[in-house]
Every structure is written in structure tokens, then in C-alpha cells.
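Visitor: I would like to learn how to read strands, helices and a core from a model. Can we take one case and go through it?

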Amino acid sequence: MKSQRHALILRLITEQKIATQEQLLAALADEGMVVAQATVSRDITQLKLRKNGAFYEIEPEISQGKAANLRMILRSSIESVGGAGHTVCVRCEVGMAQSVCVAIDALAPPGILGSLAGEDTIFLLCKTEQDMQKIQEEIRQYATTFNH
């Protein structure tokens with residue numbers, strides 16, 4: 001539940017301009033996740049979110065704890081990984097693709113030109129076929145570490 005909430009928070013702050021914990025609580029409730037203010041406060045600390053001016057954002061420099069949280073989102077949500085040409089295709093639990101995509105973007109593996117997420121599928125465009133193979137394997141390792 002915590003990893004799903006963290007994934008949802010990461011998705012919300014990238015999609016919306018959220019300036020206060022109250023706005024984050026309301027956005028979570030709109031998504032069907034009702035939590036206490038103290039829980040959101042802890043989540044903000046654990047995710048190491050910061051204010052950029054008036055709005056929350058993911059810290060550009062990812063700490064070890066933050067990287068571990070992002071990897072947990074990947075491990076708990078990815079169902080399969082495949083690739084062809086310069087494209088990696090990541091299949092996720094329904095509704096989790098955008099959160100997984102935010103986590104992948106935040107971890108910023110080298111070789112990715114861009115990412116696109118739907119409800120349960122992510123496409124990553126890679127610079128080269130070698131980058132595609134390397135990134136596909138890295139993401140697959142995240143998924144199998146948790147799921148198997």
C-alpha cells in the first residue's frame with residue numbers, strides 16, 4: 001500500500017502543480033486514496049520531495065534512500081519488459097504505468113531519449129540498440145528482484 005501511495009504521489013506532483021499538503025491530500029482522495037495528513041507529511045519526507053518555488057517536485061539529485069524508493073515502485077509494479085529496435089516496452093499493473101515511468105525518468109538511466117506512458121504500458125525510446133538492450137536488462141532486473 002505504501003509503495004502504491006508513493007507511486008501515486010510521484011505521479012500527481014508531476015502531473016499537477018501541488019503547493020500544499022492539503023492539495024496533495026485532496027488529489028490523493030480524488031484518486032480514491034484517503035490518508036491522514038501525518039501520513040502525507042511522512043511520505044513527503046521519505047520521498048525527499050522539495051518545494052521548487054511554490055510547488056512540490058522530485059529532487060534533481062536522488063539520494064540513496066530516494067533511489068531505493070523509486071526502485072521499489074519499479075519492482076512492485078512491472079509485469080514484463082521487452083524490446084525491439086531502439087524501443088523498450090514495459091508492461092505494468094493497470095493504472096501504474098505513469099508512476100513507473102516517473103520512477104524511470106527520475107532514475108535517468110543513460111541512453112533514453114524519451115518516455116511515453118499509458119495506463120499499463122510504457123515505451124522508452126533509446127539512442128541505440130545497445131542502449132535498448134542494456135536498459136531492458138536493467139529494468140528487468142528491478143522487476144525480477146521483487147517478483148520472483
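Guide: What follows goes from the core to the strands and then to one helix. Keep in mind that the model is predicted.

Visitor: Which residues have the most contacts inside the largest nonpolar core?

Guide: In soluble globular proteins, nonpolar side chains tend to be buried together. Here the largest nonpolar core has 42 residues, and Leu49, Val90 and Ile122 have the most contacts inside it. Helix α5 (residues 97–107) gives the largest share of this core, seven residues.

Visitor: What is Val90 in contact with, leaving aside its neighbours within four places in sequence?

Guide: Its contacts are Ile78, Ser80 and Val81, then Asp120, Thr121, Ile122 and Leu124, and also Ile139.

Visitor: Which residues of strand β4 are on the covered face, and which on the uncovered one?

Guide: In a regular strand the side chains alternate between the two faces of the sheet. In β4 (residues 87–92), Val88, Val90 and Cys92 make up the covered face. The uncovered face has Thr87, Cys89 and Arg91.

Visitor: In which sense does β4 pair with strand β3, and over how many bridges?

Guide: β3 (residues 78–84) and β4 are antiparallel, with six bridges.

Visitor: Where does strand β6 come in?

Guide: β6 (residues 121–126) pairs with β4 in the antiparallel sense over five bridges. Val88, on the covered face of β4, has Leu124 of β6 as its bridge partner. β6 also runs antiparallel to strand β5 (residues 112–117), to which five bridges join it. Leu116 is bridged to Phe123 in β6, and three residues lie between β5 and β6 in their hairpin.

Visitor: Now a helix. Which residues of α2 are buried?

Guide: In α2 (residues 21–30), the buried residues are Gln21, Leu24, Leu25, Ala27 and Leu28. Seen down the helix axis, they fall within an arc of 165°, so they line one face of α2. Glu22 and Asp30, on the other side of α2, are exposed.

Visitor: What covers the buried residues of α2?

Guide: Their cover includes α1 (2–15), α3 (37–46) and β2 (55–58).

Visitor: Which residue with a positive phi follows α2?

Guide: That residue is Gly32, with phi near 90°.

How values were computed:
Residues numbered from 1 in each chain as written. Predicted model: local features only at pLDDT ≥ 70, side-chain atom pairs only at ≥ 80, totals over all residues. Heavy atoms only, no water. Core = buried A, V, L, I, M, F, W, Y, C linked by side-chain atoms within 4.5 Å. Buried < 20%, exposed > 50% of the residue type's maximum accessible area, 1.4 Å probe, protein only. Helix = DSSP H or I, 4+ residues; strand = E, 2+ residues; numbered from the N terminus. Contact = heavy atoms within 4.5 Å. Pairing = 2+ DSSP bridges. Arc of directions from axis to C-beta.
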